[in-house]
Structure formats: structure tokens, C-alpha cells
Amino acid sequence: MSAAESPEENPLNYEEVGVPAESIDNIDASLHLRRRNTLVVNRQIYNEDQFRQEYEEHEQQKKPICSRVKTWARSREVTWRSVKQSVFGLVPILVWLPKYTWRRQFFPDLMSGFTVGIYRLPQGMAHGFLATVPPVYGLYTVFFPVIVYALFGTSQHISIGTFAVVSIMTGDAADKVILEISKDQELTEEEERQARIVAVTSLALMVGVIQILLGILRFGILSDYLPEPLIRGFTTGAAVHVFCSQFYKMFGVSIEKVSGPLSVLRQYIPFFPGLRQANTTAIIVSVSAIVLMVIIKEIQEKYKPKYRVFKYPIPVELVVIILGTVVSWSMDFDGKYGVPVVGAVPTGLPAPSLPSLKYMPYLITDAFVIAIVTFSIAVSMAYIFAKKHNYEIGANQELLAYGASNFVGGVFQCFPNTASLSRSLVQEVSGCTSQIASLVSALLILVTLIWLGPLFQSLPECCLAAIIVVALRGMFRQFRDIKILWKYSLTDMVMWIVTFVLVVTFGLDIGLLGGILFAVFTVVVRTQRPPCQIMGRIPDTDIYKDIKHFKQGEEVPGIKIFRIQAPFYFSNSRYIKDRLYVKTGLCPPKILRQRAKLAKRKAALEKKQANGEVFAREPRKVYQKERSTPQHHRLIEMDLENGDVKGDSIVTTAETKIFEVDEPDMLNSGTPPPNGSSNGAQASTNALDDSTVGVLKNEDDNPEDSESMLEDQRSSEGHESDVTGEVDTHTIVLDFGAVSFVDTVGMNMMKSILAEYDSIDVNVLVANVRGNVRETLRKSGVLDTIGLHKMFVSVHDAVLFSSSSPLKLSVINPNGDLRKRREAPTAAESTLESLDEEQDEDTPL
């Protein structure tokens with residue numbers, strides 16, 4: 001090649017040939033990317049036996065219990081280092097406080113603690129009021145548990161103290177105690193107040209003991225059984241109870257407390273008649289407080305992204321408390337207008353003392369429910385903040401921390417506490433970096449308890465009710481979850497609605513229990529009716545996908561790949577077996593019934609031939625035709641040597657090539673054949689010898705029988721087996737990649753499946769079996785039934801093994817495709833193949 005013709009000096013101009021250079025660049029880049037991402041694997045086909053022989057597997061040998069106990073005791077040997085680790089693990093503040101950088105972290109914690117402390121004061125008083133005890137006990141609850149959690153907790157951002165949902169549950173528990181006491185004696189107002197205080201403090205102590213025991217027993221996983229839709233539905237239903245319990249107080253109406261099913265509706269029965277005695281001043285104060293708080297909060301939410309001045313929440317609740325107290329004191333709301341006020345607020349801190357447990361039988365159920373609810377709410381918030389700020393928390397240590405907070409709180413006259421959603425968000429947004437912020441906020445409550453408490457004795461109760469109602473805005477906004485869950489998960493949406501309805505209808509405790517049971521039920525149902533798919537191979541890959549979801553997925557001829565998407569256990573074993581029959585189109589009992597029916601017809605035909613009752617006219621020449629109209633034909637394959645009937649099938653499709661001869665007259669019993677032969681049986685045999693395949697009619701056949709057989713064939717989803725009992729599929733591959741465990745019922749069902757498919761000569765292979773499932777199958781003996789040589793490391797290995805096995809030769813299928821067989825062809829099949837090779841129409845065979 002000359003220099004002028006060199007490609008380097010005379011490059012090809014793509015624009016001259018009509019191809020833009022940019023397109024060529026894109027094509028080159030695409031090809032380069034494809035070459036770079038190409039995966040080429042060259043290895044042999046592995047079954048489990050071969051794989052384990054070539055690659056050594058770790059033997060999982062379980063040690064005896066005594067040996068394990070000795071090992072555990074040796075690891076728990078008491079040393080200075082082990083004691084130090086135990087103490088530091090139990091009291092996390094000893095770990096993070098020495099690492100605390102005061103210069104960088106203290107100022108943000110100081111500002112955050114001051115902001116949250118301002119919120120603690122009104123919320124503590126309002127939630128104490130909600131728990132049916134004097135508001136000062138709410139201040140105790142936002143002080144003592146905070147200090148305890150700062151010592152034992154692992155979360156850096158949650159704010160421990162009162163929470164509206166827990167407060168209403170505590171009030172309901174106290175109401176039950178008062179109801180039980182009132183059955184035996186009449187209580188004065190002071191006696192009822194003291195009984196409520198004893199009940200709520202005893203409840204806090206019991207909740208703490210339960211949570212500590214659960215923490216010691218490592219039951220932190222309990223939170224996993226309370227999914228987020230259930231928690232949000234529960235808190236929304238509890239918000240309805242809270243709203244209804246405070247609604248009548250904003251009108252200054254006093255009604256009797258109602259509990260039990262439908263209490264939300266039943267408490268309005270005395271409310272509407274009592275509106276005649278509504279306090280106008282209380283209504284005006286309540287409406288004014290609600291309007292003020294809602295307007296300020298809406299303005300803050302609207303302009304918070306635009307202006308930094310709204311970064312820190314405005315303590316509008318504290319403003320309402322101060323204004324309400326000042327106006328009530330100056331205008332003497334209690335004396336002149338009859339507006340209920342908080343009353344005397346004691347100063348100082350309560351002395352520690354164990355509360356009486358005489359009400360324990362009435363509170364034990366509520367204690368268990370509150371222990372689970374408080375832990376679930378708090379640990380959910382802790383996980384959210386830990387994930388956001390990249391640190392770890394321990395669920396079991398959190399249980400111990402919440403238990404210690406409630407136990408110490410019960411000793412210091414607090415009611416049950418947990419993390420507050422609103423205060424935790426405020427604490428995190430305002431720049432909190434550790435629990436130092438919580439300690440700073442507790443100092444503000446301490447100042448209030450020691451010096452400022454008496455200043456709030458003129459605070460109207462309707463102001464506290466208004467604060468509680470406005471605080472429920474966030475919970476009522478959770479109704480938006482229904483629309484979101486409708487788009488993503490119908491099951492979660494139903495779980496949300498069911499929990500909400502149960503809580504509103506039957507109460508908090510029964511509603512929560514019902515919600516948990518329904519959540520477990522949804523899991524059982526989803527595993528009881530798991531999705532099962534027929535997998536197809538993506539061309540030119542070893543990837544297998546659901547053929548309904550991927551258009552390129554192609555089934556491998558003669559092989560059905562059945563994937564199980566759930567554990568194989570007692571609840572779903574029968575369903576999986578039924579889906580296997582339907583999806584593959586191979587129902588062994590049905591095929592065996594078809595074969596038995598054909599065997600019965602064969603015996604009847606042989607009997608007639610032996611008795612000389614079957615005659616046939618001289619066979620005519622056979623022509624190959626094409627039918628353009630749907631017709632029903634019965635094709636029977638005959639073995640010339642032994643007269644066996646191989647099967648029959650109903651052809652109902654148009655454009656189907658068949659081989660047809662005239663009907664032999666099989667009903668003229670005793671009538672000699674047209675050729676004059678006196679031996680009718682021999683004439684019939686000659687007719688069969690010449691035609692091999694004919695359109696036969698039997699006196700036992702009737703149209704109703706044919707229609708029923710046709711319906712049976714159509715009912716099979718896979719349409720693999722026809723009424724002959726012959727099938728196209730020679731292998732079924734069970735993909736166990738998603739099967740996490742198998743129980744005894746599932747193992748017995750596997751044995752049944754293997755036996756049934758073996759009875760119809762269909763091979764069953766298993767692929768992608770997990771180690772624990774394989775070990776279970778080995779112990780049960782199912783692995784011996786299957787055999788390691790039939791268990792493969794991947795679906796592709798099983799498919800390649802099945803495709804490389806000797807297959808039956810192709811014979812004509814009435815549906816127009818080819819049928820694979822494993823044995824050598826019979827004489828009838830050979831005749832059919834020779835007929836199929838004749839391509840010219842109307843040519844005598």
C-alpha cells in the first residue's frame with residue numbers, strides 16, 4: 001500500500017458517506033463499554049456432590065452443651081479488663097463523656113438544651129394533666145428520667161420525658177383502678193387524687209421492672225415486631241382518644257370519665273346535654289390560645305426554609321402559659337368566672353420512696369402494654385437519629401436505659417415516660433450533639449420546681465387542654481400515610497387502617513394487641529400464599545427471570561424451572577405443590593388417571609379383536625391434508641408388533657397437519673369385510689398394518705366424554721399433558737434460592753412431589769439450595785431421596801445438565817410442536833416420522 005493510500009494519511013470521511021462522526025464516536029464508546037463489562041466464565045457443570053468434592057466445605061459441628069457452657073464461663077472469667085468493659089457497657093456516659101470536646105460541642109448543646117427546656121415546662125404540666133394527676137407530677141416526669149437516661153442511654157438526640165400517647169394510656173390505667181376501688185367504697189375527691197398518684201407511680205415502677213428484665217434477657221428484638229405502619233396507626237388512634245379527652249375541658253364542661261369499647265363515642269352522650277352549662281370564658285380562652293398557637297406555628301413552618309430567624313422553634317406554648325397565668329390571676333378567673341385552674345403547685349423535690357403495689361393486679365396488663373409501646377416509640381426515634389448522624393445504638397442497652405428511667409421515676413413519683421417525638425425533633429434541629437443538652441433542659445425544670453412552681457397556680461386548665469390539642473396536629477397529619485401507602489404497599493395501608501380502627505373502637509391496649517396480631521397475620525398470609533414463578537432464560541446469558549415480567553425470557557424446551565419465593569413450611573407446602581402442578585401443567589395424579597383410562601380402552605379393544613367383533617373395510621390410500629376449519633380428531637398410535645395403544649389426543653386447532661384415513665367400520669359386528677375375507681380380526685390387523693394411524697371410533701366413546709376430556713385439558717395452565725397422558729417436559733428444576741428454611745411438613749411434601757413425578761417419568765432437580773436447608777434435608781433423609789447428583793449449585797448448571805442428557809426422539813405433537821422423549825422410537829413413532837417427511841400434498845403414501 002502506498003503512502004497516499006495509507007489510512008493514517010487519508011482517513012475515511014464519515015460525513016461523505018452520510019454517517020456523522022459523532023455517531024461513530026458514540027458507537028465506539030458503546031462497544032468499548034460492552035467489551036469492558038463482558039463476563040466470560042468457563043467451568044464445568046457442578047452438582048452439589050461434585051462441588052463438595054472439588055471445594056472443601058467447613059463442617060458445622062455443634063459442640064455438646066457442657067462444652068459450650070465451659071467456653072461461655074471461660075469467656076466470662078472475672079478480670080479487671082472484663083469488669084471495666086461491663087461497667088462501661090452498662091453506663092455509656094463513661095465512654096463518651098471523656099471524649100466530649102467542650103469548646104466545640106458545649107455551646108450548641110447549651111442552646112439546644114435551653115430551647116428544649118422551654119418546651120418541657122408546658123408539655124410536662126399539660127401531660128400531667130392528661131394523665132389525670134396534678135401537673136406538678138408531669139414536671140417530675142420531665143426531670144428525673146432525663147438524668148437517668150443521660151447516664152445509661154446510647155442515643156445522643158432523643159428527649160426523654162412525657163409523651164401524649166403514654167400519658168393518655170396512664171390515665172386510662174388510673175381510671176381502671178379508681179373504678180375497681182369505687183365498687184367497694186365511696187371515694188372523696190382527695191382520696192381519689194391520692195389513689196391516682198399511687199396508681200401512676202406504681203405503674204411507672206412496674207414498667208421499669210418489666211423493661212429491665214427484657215433488657216437482661218436480650219429482648220431488644222421486640223421492636224422488630226412493631227412495624228412503622230402499625231406504630232403510626234396506633235399513635236393516630238391514640239391521638240383521637242387524647243383529643244376527645246380534652247375537647248370537653250376547653251368548654252369548661254365536667255363529665256364522667258368513660259372507658260371500654262366505643263368510649264370515644266359514648267363520652268359525647270353526656271357532653272352535648274352539658275353544653276348548657278358551658279363556661280363562656282373558658283371557651284374564649286381556649287379558642288384564643290388555639291388560634292394564637294396555630295398561626296405562629298404555620299408562619300414558622302412556611303418561612304423556616306427562607307429565614308434563619310425561624311431556625312429555632314418559637315416557644316409559643318410557654319407564651320400561652322405565661323399569658324394565661326397572668327390574665328387569669330389579674331381577672332380572677334377561678335373566683336369570678338368559675339374557670340378551673342391548676343391550683344397549688346408544691347415547691348422542692350419529692351422524697352424517694354417505693355410506691356405501694358396494692359394496685360398491681362389491676363395494672364399488670366397495662367404495664368406490659370406501656371412497656372412495649374414506650375420502648376418501640378423511643379427506639380424507633382433513636383434508630384432514625386443514629387442513622388442520620390452515623391453512630392450506633394444498642395437495642396438491649398436502650399431497654400435497660402428506659403427501664404432504669406421508669407424505675408427511678410416511679411421512686412420519685414413520676415408516671416411512665418418515653419421519648420417525645422416533637423421534643424426530640426426540636427432537640428436535634430436546634431444543634432444537639434449529646435445528652436448534655438438534655439441535662440441543660442433538666443436544669444430549667446429544676447429551677448421551676450424549686451422557685452417558680454407557685455407562680456403557675458392560677459393557670460387555667462383550658463390553656464393546658466388547648467396546648468395538648470394543638471400538639472396533636474402532627475399526629476393527625478399521619479392520615480396522609482394512607483395515600484402514600486396506597487401507592488407503595490396495600491398490605492401496610494390495611495395494617496395502618498386496621499390498627500387505627502381497633503384503637504379507636506376498643507381502646508389502646510386491645511387495639512395495640514389486635515394490630516400486632518394483624519401484622520403477624522399479614523406475614524403468615526404472604527408466606528402462606530407466596531409468589532411462585534416459571535423462570536425463563538435470557539438469551540445468550542446464564543440469567544433466568546420470570547417469563548411474565550421479562551419478554552425476552554424463554555423457556556428451555558423440555559425443562560420447567562419453578563422458583564419458590566418463600567420458606568417451605570407447614571402453612572404453604574400444599575399451596576406450593578398445587579402451584580407447581582398448575583404452573584408446569586404437569587399434574588401427576590391427573591396424568592395417571594388419563595393413562596389408566598387409556599389402558600382400559602386398550603384392554604377393551606384387544607378383547608374385541610380376540611372375539612372377532614372388530615371388522616374394518618379395506619383401507620384406502622392415506623393422504624396428507626391441511627384442515628382450515630377446526631375439527632375434532634382422535635389420533636391413536638398403534639404398535640404393530642404388540643398392538644399397544646400409545647395414546648390419543650384431541651386436536652381443535654385450525655391449520656393443523658394430520659394424517660387421515662377412512663374410518664374402519666368397527667360397529668358391523670359379524671359382517672364380513674369388503675374384500676371377502678372371512679377372518680375379521682385378520683382384516684382389522686391388516687388395516688392397522690397399512691395405516692398405523694387412523695381415525696377410530698369406539699362404541700364406548702360419546703360426545704360428552706370427549707368434551708369433558710377437552711375441558712380437563714384446557715383447565716391445565718401449562719397445557720403440557722394431553723389426554724394421552726404423554727408430556728413434553730422431561731425435567732423440572734426447583735429453584736430453592738429464596739427458600740430460607742424447610743420444616744418437617746415441607747420435607748414430607750418434597751418427598752411426595754418427587755415420588756409423584758417419578759411415577760410419570762419426569763426428572764426433578766433442585767438448584768440454589770442454601771446451606772441450612774441442605775443440612776435439614778440431609779438430617780431428614782430427603783437428601784438421600786433426591787441425591788446430591790440431582791442437586792446443583794445454580795439453575796444454569798441444572799439446565800445444562802438436563803439439556804445434555806439423552807432425550808427421546810422427536811414425534812409429532814397434535815399442537816404442531818415437537819415432543820422430546822428419552823427412549824428409542826416405537827414402530828408407530830417411526831411411521832409417523834416417515835409420514836412427516838412427505839411434503840407434497842395429495843401424494844399417495
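A residue counts as buried when its relative accessible area is under 20%, as exposed when over 50%, and as partly exposed in between, using a 1.4 Å probe and protein chains only. F500 is therefore buried, with a relative accessible area of 16%.

This is a predicted model, in which local features need pLDDT of at least 70, side-chain atom pairs count only at pLDDT 80 or more, and totals for chains, interfaces and linings use all residues. Residues are numbered from 1 along each chain as its sequence is written, and side-chain values use heavy atoms, with hydrogens and water left out.

F500 sits in helix α24, residues 490-506. Helices (H or I, at least four residues) and strands (E, at least two) are DSSP runs, numbered from the N terminus. Leaving aside residues up to four places away in sequence, F500 touches G233, T236, G237, V240 and F479; contact means heavy atoms within 4.5 Å. I231 lies 269 residues from F500 in sequence, yet their C-alpha atoms are 9.5 Å apart in space.

Turn now to the sheet. Strands of a sheet pair through backbone hydrogen bonds, either parallel or antiparallel. Here two strands pair if DSSP finds at least two bridges between them. The sheet is open, has 6 strands in the order β4-β3-β5-β10-β11-β12, and its pairing is mixed. Its edge strands, β4 (544-546) and β12 (791-792), each pair on one side only.

Follow β5, residues 559-564. Strand β3 (residues 532-537) runs antiparallel to β5, joined by 4 bridges. Across this pair, I534 stands opposite F562, and C532 opposite I564. Strand β10 (residues 731-735) runs parallel to β5, with 5 bridges. There I559 faces T731 as its opposite residue.

How many residues of β5 are buried? The count is 6 of its 6. In a regular strand the side chains alternate between the two faces of the sheet. On β5, one side holds I559, I561 and R563, the other K560, F562 and I564, and all are buried.

Helix α27 (residues 588-611) packs against helix α30 (residues 744-759) at an angle of about 30°, with axes 9 Å apart. Axes are lines fitted to C-alpha atoms, for helices over the stretch in contact, and angles run from 0 to 180 degrees between N-to-C directions. The two helices α27 and α30 are therefore roughly parallel (under 35 degrees; over 145 is roughly antiparallel, 65 to 115 roughly perpendicular, the rest oblique). P588, P589, L592 and R595 in α27 meet E756, Y757 and S759 in α30.
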